[in-house]
Amino acid sequence: MKRLCTIKAGKRAYRIIKDEGLKKERIQCVLGAAGGPKWLILYGLDKLVYSHFLQKRKTPVHLIGSSIATWRFAALAQKDGAKALDTFKERYMAQKYSLNPDREEITAETVAIMETYLPDSRVKEIMQHPVIRLCIITARSKHLLTNERKLPLMAGLALAALSNAVSRKLLALHFDRYVFYDERQFPSFIQWNNFSTQYIPLDASNVKKAIMASGAIPLVMQGVPYSYNGTATMLRDGGLVDYQMDLPLTLDGGIALYPHYSEHIVPGWFDKALPHRKPQNTLDDICMVSPSPDALDLLPYKRIPDRHDFYTFAGNDAERLSFWEKALEVGQKMADEFAELVESGKIKDRVVLL
């Protein structure tokens, strides 16, 4: 029998799940990784997380992510999170580009996606949501990386990649972390220690800027200029510093639920090319749900969608959409399987140590 979900948990989360299953009251935060179209395999899980763990709950829950995860979570944090997520998915699937799009074209299309699923009238719903607390990770650029001209920006990225190859700590020479958080409840359970981190309260004037910045991939999209405490900065994709949520969490009996498109966690965007670079934190409180090898076998090309699909299928949107639709279909089967495991209590038998 094929198993479409892989469920892994850190030591503390594993013990809790083995004792009592995965209960809504135990979920203290939901994590989300950067990764562009990779999120499509998680669409079904996102709907499930909303209906099972976020909707109708009484206690606050933090949704923490970078890049595309921030866009997903900004949908779930609206008054009707399920409808907003559907709107986001439909508009995301519908994006189209010329054969050789520049940063201006890609940025304009990204803005259009945002305005479809998160118009100004919906921003206050995020700010006033009774239980969801949005936490948006962005990267503040330094030195050459503040430049929007192609050659200096490329040089800055090359220097950042070289520094990171020597040590992840050296990446702090090129980026700081800017975290936008819901001021009603500070995320004190995250004890970041690897980058200079600036915490900025979310308000109606910066929510959309923070979301745009969190997904602003250098050389692909324009950065987002931002002024804080009188200092002008250039914000870029949060995945540059926190790609797949290697976070120092201390939840004290809570669980961080992490729907993820991979069985592994890559700390930063530049670490994708460094297979030896492992998570630096214990991950004790995480329960991670991801596609199994059986799920990947059901997909065309035996892989999930990614950003390169825009180039692979350039001029052939119909084939790209067919591939993406299949990922949504497999993702829904994953979600159905996970729901049955949670509701029946059989998750106790399927969870393994992370």
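Predicted model: local features only at pLDDT ≥ 70, side-chain atom pairs only at ≥ 80, totals over all residues.
View 1. The whole structure turns up 20 aromatic pairs, meaning Phe, Tyr or Trp rings (the six-membered one for Trp) with centres within 6.5 Å; planes under 30 degrees apart are stacked, over 60 edge-to-face, the rest tilted. Take Phe-180 and Tyr-226: with centres 5.4 Å apart and planes at 80°, the pair is edge-to-face. Phe-180 sits in strand β5 (residues 175–181) and Tyr-226 in strand β7 (residues 224–228), 46 residues apart; strands here are DSSP E runs of at least two residues, and helices H or I runs of at least four, numbered from the N terminus.

As for the ground rules, local features need pLDDT of at least 70, side-chain atom pairs need 80 or more, and totals for chains, interfaces and linings use all residues. Residues are numbered from 1 along each chain as its sequence is written, and side-chain values use heavy atoms, leaving out hydrogens and water.

**View 2. Tyr-181 with Phe-186.** This edge-to-face pair has its centres 5.1 Å apart and 85° between planes. Tyr-181 is buried at 13% relative accessibility, while Phe-186 is partly exposed at 38%.

**View 3. Cysteines without disulfides.** Zero disulfides (cysteine sulfurs within 2.5 Å) show up in the whole structure. The sulfur of Cys-5 is 10 Å from its closest cysteine sulfur, in Cys-287, so that's too far for a bond. Cys-5 is buried at 4% relative accessible area, and Cys-29 is buried at 0%.

Conventions: Buried < 20%, exposed > 50% of the residue type's maximum accessible area, 1.4 Å probe, protein only.
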